[in-house]
Amino acid sequence: MNRLFKMSILAVAVAPAIALAAPQAGDREITLSGAGSSDKSFDDTVFSVQGSWGKYLDESSMWGIRQTINARDEEGESVQFDGSTRVFYDYHFGSGNTRPFVGLSLGGLYGEEVDETFMGGPEVGVKYWVQDKTFITAMAEYQFLFKSGSDARDRYDDGAFFYSVGLGYNF
């Protein structure tokens, strides 16, 4: 009887961790991430804020819109802004608190000091649920710029990696 009681207490204690349910079809998600960099003398600094809204098609597949805004402050220059807006599709693996994902995004780049153009590429990341609906996310994107479909094939090797860390919420 004592062993049954101890096992029951253990099951109740572990249940909240197990009860963290994966998002279901129709659930929505918002995220807010940030990044930044500076040279060693802080004469050239870039801050980046990224937000996204997504909707789950099922517990693994999600599509959404991602917005990034960058501010660059160079010594002797005024602050310059640029941004990108892209549509994305991500596929999540597993069903526990930690769920890696892979995906693709496609959109546009615009701003004061950039040529307005299309951008796209693959992305990979992980989400870790710290509460039932709240998670920490980390993501890496490979983005390449192009003006047309044929240009995309030629420019794929000329891309760059972008990294972000942030928080998200399912509702």
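**Exercise 1. Strand pairing around the barrel**

Identify the residue of strand 8 that stands opposite Thr137.

*Solution.* Thr137 faces Gly166 in strand 8. The model is predicted: local features require pLDDT of at least 70 and side-chain atom pairs pLDDT 80 or more, while totals for chains, interfaces and linings use all residues. Residues are numbered from 1 along each chain as its sequence is written, and side-chain values use heavy atoms, without hydrogens and water.

Step 1. Strands are DSSP runs of E with at least two residues, numbered from the N terminus, and they pair if DSSP finds at least two bridges between them.

Step 2. Strand 8 also meets strand 1, again antiparallel, through six bridges. In strand 8, Leu167 is the residue opposite Leu32.

Step 3. Strand 1 (residues 28-38) is joined in turn to strand 2 (residues 44-56) by 11 bridges, and these strands run antiparallel. Here Ser37 stands opposite Val46 in strand 2.

Step 4. The complete arrangement is a closed barrel of eight strands in the order 1-2-3-4-5-6-7-8, with antiparallel pairing.

**Exercise 2. The enclosed and open spaces**

Determine how much space lies in the largest pocket and which strand gives the most to its lining.

*Solution.* Step 1. The largest pocket holds about 710 Å³. Pockets and cavities are found on a 1 Å grid over the protein atoms alone: a cavity is a set of points where a 1.4 Å probe fits but cannot get out, a pocket an open set with protein on both sides within 12 Å along at least five of seven lines, and lining residues have an atom within 4 Å of a point. Volume is the space filled by probe spheres set on the points, which are joined across faces, edges and corners.

Step 1. The largest pocket is lined by 33 residues; Thr68, Asn70, Asp82, Leu109 and Phe162 are the closest to its centre.

Step 2. At least two lining residues come from each of strand 1, strand 2, strand 3 (61-74), strand 4 (80-92), strand 7 (134-146) and strand 8 (160-170). Strand 4 gives the most, with six residues.

Step 3. A search of the whole structure finds one cavity of 30 Å³ or more. The largest cavity contains about 110 Å³ of space. Its lining comprises 15 residues, with Thr31, Ser52, Arg66, Thr137 and Met139 closest to the centre. Strands 1, 2, 3, 4 and 7 each give two or more residues to this lining.

**Exercise 3. Aromatic contacts**

Classify the ring pair of Tyr91 and Phe93.

*Solution.* Step 1. The whole structure contains six aromatic pairs (Phe, Tyr or six-membered Trp rings with centres within 6.5 Å; planes under 30 degrees apart are stacked, over 60 edge-to-face, the rest tilted). Tyr91 and Phe93 are edge-to-face, at 5.1 Å centre to centre and 75° between the planes.

Step 1. Tyr91 is partly exposed at 33% relative accessible area, and Phe93 is partly exposed at 40%. Buried means under 20%, exposed over 50% and partly exposed in between, with a 1.4 Å probe and protein chains only.

Step 2. For contrast, take Phe144 and Phe146: the pair is tilted because its planes lie at 35°, with the centres 5.5 Å apart. Phe144 and Phe146 are both buried.

Notes. Helix = DSSP H or I, 4+ residues; strand = E, 2+ residues; numbered from the N terminus.
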